[in-house]
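Open the model in your viewer and keep the selection panel at hand. We will go stop by stop.

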Amino acid sequence: MLKFFKKVVFLLLIPSVFYSQTRPLFKAPKDSYLTATDLHIHTVFSDGSVWPDIRLREALREGLDLIAMTDHLEYQPHKEDIPHPDRNRSYQIASELAKGQEKLRVINGAEITREMPIGHLNAVFIKDANKLLRNDPILSINEANAQKAFVFMNHPNWDAHRSDGIARLSSVHEDLIKKKLIHGVEVVNETTFSEEALKIALESNLTIIGNSDIHGLTDWLFEIPEGGHRPITFVISEGGEINQIKEALFQGKTFVWFKDLLIGKEENLLPVIESNLSAENLKYPKGKQIGEFTLTNHSAAILNLIYTGPFSFHEDGKIFQIPPHSKKVLKIKTLSNLDNIDLPFELMNGIVAPNQNLKIKLIVSKN
Ligand SMILES: [Zn+2]
Ligand SMILES: [Zn+2]
């Protein structure tokens, strides 16, 4: 009866939160599909503070498309109060509650939680978390792979494991990566970003991941009422089927939105920014050589741009911002009237490698 009641209450609450997020966070590049995910989430079924239904409501309010329930396998501080021999419970409860709506998918996962040198790893798209509960962490990772899970290293920069905050691979990680038993790495975890983890991802060809690792409330930790957002991994796939999304994760087709930063491999981030930043309506007032055009940011992220071309602007410097979902008119002094203007920019908050920003070239034309 209680279970039934909970489900009814949840479904009644969905419409209001569902309609609050109708605008996508980013426009998908042509012929591809974007999925906003959080692949690292805790509940009372390990050391989190909330029941799984809160995780669903948070994710719906924040416009996510897919979440993985990844409670710690081995660390169970609430076990005395919430006995549960089945490590799949948070997923089972969350996926049951998610039925009846199509916006948000829930997948099963687990956090393999060990001391260094192996540290913490998440396995998502697992079939049975209980089978991952092994004494030897290598056997846990092997079992996750036998279940065709996507496995990634969590918070390699965590200062409880790395007192200098620098992410490093241990030889056991190197071995697992070589055997293709680890497929990704968190370059963003909770409120931290690791350039060293980004370097590791690029050098070892691991999928770039950024997650909330939420234990309390996302509203509080990420100051969402004040305009903040949780870290989100966007998966770029050919279609919206769950297998296509999973495949894209294995292929490394992601980017991460963290605070004001957009982090990803250039080949993934470039088409996303090209789809979310447009330059239109070039015109010259009669008798003047000062071109006017409009830049539009179609995304939920701020875009911090620096213009790297030969001209200068009439009312702006070369560095400027376009707030989320907004337009900016620029006046460019091109010395003569041009039909098309090349607009080379660097996206200063677009990170494609340590110390390397995304470069993008737009072209604006007369109508
Ligand atoms: Zn952890
Ligand atoms: Zn965690």
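Contact here means heavy atoms within 4.5 Å. With that cut-off, 10 residues of domain 1 are in contact with 10 residues of domain 2. Keep in mind that this is a predicted model.

**Stop 1: the two domains**

Colour residues 27-259 as domain 1 and residues 273-365 as domain 2. Their centres, taken over C-alpha atoms, are separated by 36 Å. Between them the two domains bury about 720 Å². Carbon and sulfur atoms carry 62% of that area. Now select Lys27, Glu195 and Trp257. These three supply 61% of the area that domain 1 buries against domain 2, more than any other three residues.

**Stop 2: strand E1**

Select residues 33-38, which form strand E1. Is this strand enclosed or open? Of its 6 residues, 5 are buried, so E1 is largely enclosed by the rest of the structure.

Next, show its partners. Strand E9, residues 232-237, runs antiparallel to E1, and 5 bridges join the two. Strand E2, residues 66-69, pairs with E1 in the parallel sense, over 2 bridges.

**Stop 3: the zinc ion (ligand 2)**

Move to the zinc ion (ligand 2). Which protein donors does it have? Show His40 (NE2), His42 (NE2), Glu111 (OE) and Asp213 (OD); they lie 2.1 to 2.3 Å from the ion. Along the chain, these donors follow the spacing H-x1-H-x68-E-x101-D. The pair His40 and Asp213 links distant parts of the chain, 173 residues apart. His40 sits in the loop between E1 and helix H2 (52-61). Asp213 sits in the loop between strand E8 (207-211) and helix H7 (218-221).

His40 has 0% relative accessibility, so it counts as buried. Asp213, at 7%, counts as buried as well.

**Stop 4: the zinc ion (ligand 1)**

Stay on Glu111. It coordinates both zinc ions, ligand 1 and ligand 2, which are 3.5 Å apart. Now select the zinc ion (ligand 1). Its coordinating residues are Glu111 (OE), His120 (ND1) and His155 (NE2), at 2.0 to 2.2 Å. In sequence they are spaced E-x8-H-x34-H. His120 lies in strand E4 (residues 120-124), and His155 in the loop between strand E5 (150-153) and helix H5 (171-178), so this pair ties together parts that are 35 residues apart in sequence. Both His120 and His155 are buried.

**Stop 5: helix H3**

Select residues 89-98, helix H3. Which of its residues are buried? They are Ser90, Ile93, Ala94, Ser95, Leu97 and Ala98. Then step to Gly100, which follows H3 and has a positive phi, near 95°.

**Stop 6: Glu223**

Finish at Glu223, in the loop between H7 and E9. Its relative accessible area is 49%, so it counts as partly exposed. Setting aside neighbours within four places in sequence, Glu223 is in contact with Thr218 and Gly228. Glu223 and Thr192 are 31 residues apart in sequence and 15 Å apart in space, C-alpha to C-alpha.

Conventions: Residues numbered from 1 in each chain as written. Chains lettered and ligands numbered in written order. Predicted model: local features only at pLDDT ≥ 70, side-chain atom pairs only at ≥ 80, totals over all residues. Heavy atoms only, no water. Buried < 20%, exposed > 50% of the residue type's maximum accessible area, 1.4 Å probe, protein only. Helix = DSSP H or I, 4+ residues; strand = E, 2+ residues; numbered from the N terminus. Pairing = 2+ DSSP bridges. Donors = N, O, S within 2.8 Å, 3.2 Å for Na, K, Ca; no water. Domains from an automatic or database assignment. Buried area = accessible area lost by both parts, 1.4 Å probe.
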